[in-house]
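Subject: Handover of a structure and the findings in it

Dear colleague,

Please find below the structure that I am handing over to you. I would ask you to keep it open while you read the notes that follow.

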Amino acid sequence: MTEPLLQLSGVHTHIGPYHILHGVDFAVPAGELTMLLGRNGAGKTTTLRTIMGLWQASSGNIRFDGSDITTRSTPDIARAGIAYVPESMGIFTDLTVRENIVLAARSGPVDKSRLDWLLGLFPALKRFWNLPAGNLSGGQKQMLAIARAISEPRRLLLIDEPTKGLAPVMVRSMIEAFKSLKASGETILLVEQNFYAASALGDNVVVMDDGRIVHSGAMSDLVADKDMQQRLLGLSLDAHQ
Ligand SMILES: Nc1ncnc2c1ncn2[C@@H]1O[C@H](COP(=O)(O)OP(=O)(O)OP(=O)(O)O)[C@@H](O)[C@H]1O
């Protein structure tokens, strides 16, 4: 069997005196979209930050693309090809959409075909191209943050709750954009609270609770099993709409 693109094995993370991750184990296979689900405070953001080296794992091992990245610095991890879009997005609201994207590309101008691809994924950005990003809606800002992260080719995208607080119509646009990203062969680890979005997009699912992985498998199996959803996520039937 080929090695997954990303593998966490027995990862523990402490934040100051607090022991947050307790031996996290999961894999992200190349070319697939893996959903990371769990209740508030389960440890999802801490997991993404630990992969990025923003928190240092206190023990355990993180392998990316055949190399051990556990103790590497964040810039080194980013250079290895991992992009991170935090919940807070990190866009420049005073700069135009164009300037935000230009600034995100570290190795030179974004080439024309990549720009066309990005604007095809997120057509709303084209309309605001020369306007300050502060004019964008919450969902459009999320789209700009993702466009910035992939302004250059990356091996793995870590994205924290891109649908948070969005109206249903915007959630649907985001789902369409992620479907196109998947079709382009991107490897994505996506944190979600919205089970509708998660079930529409996930190939695989990893569920966390209290800093531990409590389930991993195919997303379709979790979608088909209402009891498991209730047990792992506390979802009731009306949470599916
Ligand atoms: N800087 C910090 N200092 C202390 N504790 C923290 C810090 N950041 C996170 N925690 C704690 O770590 C635990 C996991 O938080 P984390 O943000 O990873 O959860 P999450 O699953 O992403 O939650 P949410 O869905 O609410 O964003 C929580 O108990 C949280 O209070």
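In what order do the strands of the open sheet of 4 strands stand, and is their pairing parallel or antiparallel? The order is S2-S1-S4-S5, and the pairing is antiparallel. Please bear in mind throughout that this is a predicted model.

Strand S1 (residues 6-15) runs antiparallel to S2, and 8 bridges join the two. You can follow this pairing residue by residue: Val11 has Val24 in S2 as its bridge partner, and Leu8 stands opposite Phe26 in S2. In the hairpin of S1 and S2 there are 2 residues between the strands, and Gly16 takes a positive phi near 55 degrees.

Another open sheet is formed by 6 strands in the order S6-S7-S8-S3-S9-S10, with mixed pairing. Its edges are strand S6 (82-85) and strand S10 (212-218); each of these has a single partner strand, so one side of each is left without a neighbour in the sheet. On average, and with direction ignored, neighbouring strands of this sheet are turned by 15 degrees against each other.

The surroundings of the ligand

Which residues surround the ligand? They are Ile15, Tyr18, Ile20, Gly38, Asn40, Gly41, Ala42, Gly43, Lys44, Thr45 and Thr46. Strand S2 (18-28) and helix H1 (44-51) are the elements that give two or more residues to this shell. The largest share, 3 residues, comes from H1. By class, the shell has 4 nonpolar, 6 polar and 1 charged residues.

The packing of the helices

Helix H3 (residues 97-104) and helix H6 (residues 138-149) pack at an angle of about 30 degrees, and their axes are 8 Å apart. Angles under 35 degrees count as roughly parallel, and H3 and H6 are therefore roughly parallel to each other. Their crossing is right-handed. To this contact H3 gives Val97, Asn100, Ile101 and Ala104, while H6 gives Leu144, Ala147 and Arg148. These residues divide into 5 nonpolar, 1 polar and 1 charged.

H6 also packs with helix H7 (residues 168-183), at an angle of about 15 degrees and with the axes 10 Å apart. H6 and H7 are therefore roughly parallel to each other as well, and their crossing is right-handed. The contact is made by Gly139, Gln142 and Met143 of H6 and by Met170, Ser173, Met174 and Ala177 of H7. Here the residues divide into 4 nonpolar, 3 polar and no charged.

Yours sincerely

Definitions and conventions:
Residues are numbered from 1 along each chain as its sequence is written. This is a predicted model: local features need pLDDT of at least 70, side-chain atom pairs count only at pLDDT 80 or more; totals for chains, interfaces and linings use all residues. A residue is near a molecule or strand if its C-beta atom, placed from the backbone, lies within 6 Å of it. Ala, Val, Leu, Ile, Met, Phe, Trp, Tyr, Cys and Pro count as nonpolar, Asp, Glu, Lys and Arg as charged, and the others, Gly among them, as polar. Axes are lines fitted to C-alpha atoms, for helices over the stretch in contact, and angles run from 0 to 180 degrees between N-to-C directions. Angles under 35 degrees count as roughly parallel, over 145 as roughly antiparallel, 65 to 115 as roughly perpendicular and the rest as oblique. A crossing is left-handed if the near helix is turned anticlockwise from the far one by less than a right angle, and right-handed if clockwise. Two residues are in contact if their C-beta atoms, placed from the backbone, lie within 7 Å. Two strands pair if DSSP finds at least two bridges between them.
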